[in-house]
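Please work through each one with the structure displayed.

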Amino acid sequence: MPDPPHGRPAGPPAHRSGPRPAASRARRLAAPVATLAGIAAAWTYVGQVDPNEPGHYPVCPLYALTGLYCPGCGGLRSAHAVAHGDLVTALGDNALAVVGYAVFALFWVLWLVRAWRRLPVRVPQKPVWWWTLGGVILLFTVVRNLPFGSSLAP
């Protein structure tokens, strides 16, 4: 079969790889807003159901088996204290968790603003960032279980 005029090959039309239509603002904001709704629901629950009273939440398995505090021990108590505006108690229950709450809040605001502006959100993927984070968590865990780091224990 001969080629059609103008030198185009015969067959189905080629797929065009032009720019995709921009997603609506509501669609771009759906993920950060849904995440905020989930976080707000969790914080509301933790704010209402006191983790300082036994029986409401499960015991940390590491603490139950070994008597050692994991990096998350005291995290619910710190969230409860933050929900009630008691930052000093929150820091005493789990300082690393409080820093994590603040970092997540900043990340969420960045995510929302970038979604509003149609910009992608990039999470650092260099191994040095993840190794540093792991090192900080490990150091926090070890220090809070030593006698001189008892101020970091819940």
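Helices are DSSP runs of H or I with at least four residues, numbered from the N terminus. The model is predicted, so local features need pLDDT of at least 70 and side-chain atom pairs pLDDT 80 or more, while totals for chains, interfaces and linings use all residues. Residues are numbered from 1 along each chain as its sequence is written, and side-chain values use heavy atoms, leaving out hydrogens and water.

**Exercise 1.** Determine how α1 and α3 are oriented to each other.

Step 1. The axes (lines fitted to C-alpha atoms over the stretch in contact, with angles from 0 to 180 degrees between N-to-C directions) of α1 (residues 25–48) and α3 (residues 75–83) come within 8 Å and cross at roughly 90°.

Step 2. Angles of 65 to 115 degrees count as roughly perpendicular; α1 and α3 are therefore roughly perpendicular to each other.

Step 3. In contact (heavy atoms within 4.5 Å), Trp43, Val46 and Gly47 of α1 meet Leu76, Ala79, His80, Val82 and Ala83 of α3.

**Exercise 2.** Determine how α3 and α4 are oriented to each other.

Step 1. The axes of α3 and α4 lie 7 Å apart, at an angle of about 90°.

Step 2. α3 and α4 are therefore roughly perpendicular to each other.

Step 3. Residues of α3 including Arg77 and Ser78 meet residues of α4, among them Asp93 and Tyr101.

**Exercise 3.** Which helix gives the most to the nonpolar patch?

Step 1. α4 (87–116) and α5 (127–144) each supply at least two residues of the nonpolar patch.

Step 2. α5 gives the most, with 5 residues.

Step 3. Isoleucine 39 is found in helix α1.

Note on methods:
Parallel < 35°, antiparallel > 145°, perpendicular 65-115°, else oblique.
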